[in-house]
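Hi everyone, thanks for coming. Let's take a few minutes to walk through a structure together, one place at a time.

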Amino acid sequence: MTKRTPIVELFKSESEVLIDTTVNVKGWVRTKRGNKNVAFIALNDGSTINNIQVVVDLANFDEDLLKRITTGACLSVDGKLVKSMGAGQSVEVQASDIVLYGEADPDSYPLQKKGHSMEFLRDIAHLRMRTNTFGAVNRIRHNMAFAIHTFFHNKGFFYFNAPLITASDCEGAGEMFQVTTLDLNNLPKKEDGSIDYDQDFFGKPSNLTVSGQLEGELAATALGAIYTFGPTFRAENSNTPRHLAEFWMVEPEMAFYDIDDLTALEEEFIKFCVKWALDNCMDDLQFLNKMIDNSLIERLQGVINTDFVRLPYTEGVRILEEAVKNGHKFEFPVFWGADLASEHERYLVEQHFKKPVIMIDYPKEIKAFYMKQNEDGKTVQGTDVLFPQIGEIIGGSVREESYEKLTNRMNELGLEEKDYGWYLDTRRFGTCPHAGFGLGFERLLLFVTGMQNIRDVIPFPRTPKNAEF
């Protein structure tokens, strides 16, 4: 029996040694066409965006078998690998034997040769990965994950696994999914009528995490430099192209970093990931550039070939206010103290500077409690990396290392110190300057793939009223 060769291997230059030898390929039929003498089957196994053409001499095969080979069917093909005379492919397989593993009823198989809308494909997310577009997206997703681990490993960071179940709210927003083993139809109550969480599995209210940052800070004060990379959850009732209820976050934390160290790392990291995509995913990027966004590759190359702007929030607001005076219309108002909307961020990146921007020194009132306060008493050392078409892709900050300042800020926001005692211990026992950031993995994928909706860069999106598959 001939050993299977992944289709991607047949298109590599070193596959020349396989020319005129028998190979075995397995995969799913994309299309079948032909005439009364010969059939041409485009076969794809997911290893590459490119299909291998299988040439079938009809005289050598059972007519009934060939009728059952339709779009979506799964095949094993033995045949001679030859140089192709036709346009569009360098090699093809002249079939000598075909095994039909699985048929696909042409009357009900939903993925036909015609184009399908993204909305339709979301309804069949269990099958959409077989399309060219979502095959490309998922291969790029893999490569971006590999790039992230490679970048941090090469810089001496340690991969740290933060818990998914937590009793704290890192962001202070309260939009968290509760985790409980209590019977919701018969909740145990205390005498005052409140729920008796002593009877719950963890003995207290617990939730799915929105971030691994707080635990990551603990690890950074022991290991020096760490990163977390895992799923996070937010129960925010948002049906926008930029929000998911379940998403993946990359969150490095570094001891002894200041604001300059932090912004330099953010820029180096994002450029590394984008360059990795250009170096390792060009076939898929070229397909997406043709089918989804014809400026994709140019935009990716632009990121790695330009220096990011460092922009204080106050200066950014001044630029936006000046734009309004000159007649530019924003949906949301611009003023000092406003939490800038995506439209504001994109104006700065796409129209004013025409390059990525790292905004710093935000008003403390719109940022999280853990950010280091500046001497002016009004701003904090937060950093947001703003990208074209996306807006914010990274959010980070220097962390407040002063126990007194941190607890005062927590009290201002009504956060209970007793719930964060373990976190505050890092400020009580050998506190140190430190910083970190969070990258929304799907936000990165939106930028790298050119896709327009965040639901299309994660295999099975979780959004309000949607937990299918």
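Before we start, a word on naming: helices (H or I, at least four residues) and strands (E, at least two) are DSSP runs, numbered from the N terminus. What you see is a predicted model, where local features need pLDDT of at least 70, side-chain atom pairs count only at pLDDT 80 or more, and totals for chains, interfaces and linings use all residues. Residues are numbered from 1 along each chain as its sequence is written, and side-chain values use heavy atoms, with hydrogens and water left out.

Let's begin with Ser76, which lies in strand 4, residues 74-83. Is Ser76 buried or exposed? Ser76 counts as buried, at 7% relative accessibility. Here buried means under 20% relative accessible area, exposed means over 50%, and partly exposed is in between, using a 1.4 Å probe and protein chains only.

Which residues does Ser76 touch, leaving aside its neighbours within four places in sequence? They are Asn24, Val25, Lys26, Asp97, Ile98, Val99 and Tyr101, where contact means heavy atoms within 4.5 Å. With Asn24 there is also a side-chain polar contact of 3.0 Å. A polar contact is a pair of N or O atoms within 3.5 Å; within protein, one must be able to donate a hydrogen and the other to accept it, and residues adjacent in sequence count only if both atoms are side-chain atoms.

Now please find strand 12, residues 309-312. Val309 and Leu311 make up its covered face, while Arg310 and Pro312 are on the uncovered one.

Next, two loops. Asp20 sits in the loop between helix 1 (7-10) and strand 1 (22-34), and Lys354 in the loop between helix 11 (342-353) and strand 13. What is phi for Asp20? It is near 70°, a positive value in a residue other than glycine. Lys354, also not a glycine, has a positive phi near 60°. As background, most residues other than glycine have a negative phi. Asp20 is exposed, with a relative accessible area of 53%, and Lys354 is exposed too, at 62%.

Last stop: Ile165, which you'll find in strand 7, residues 165-166. Ile165 is partly exposed, because its relative accessible area is 38%.
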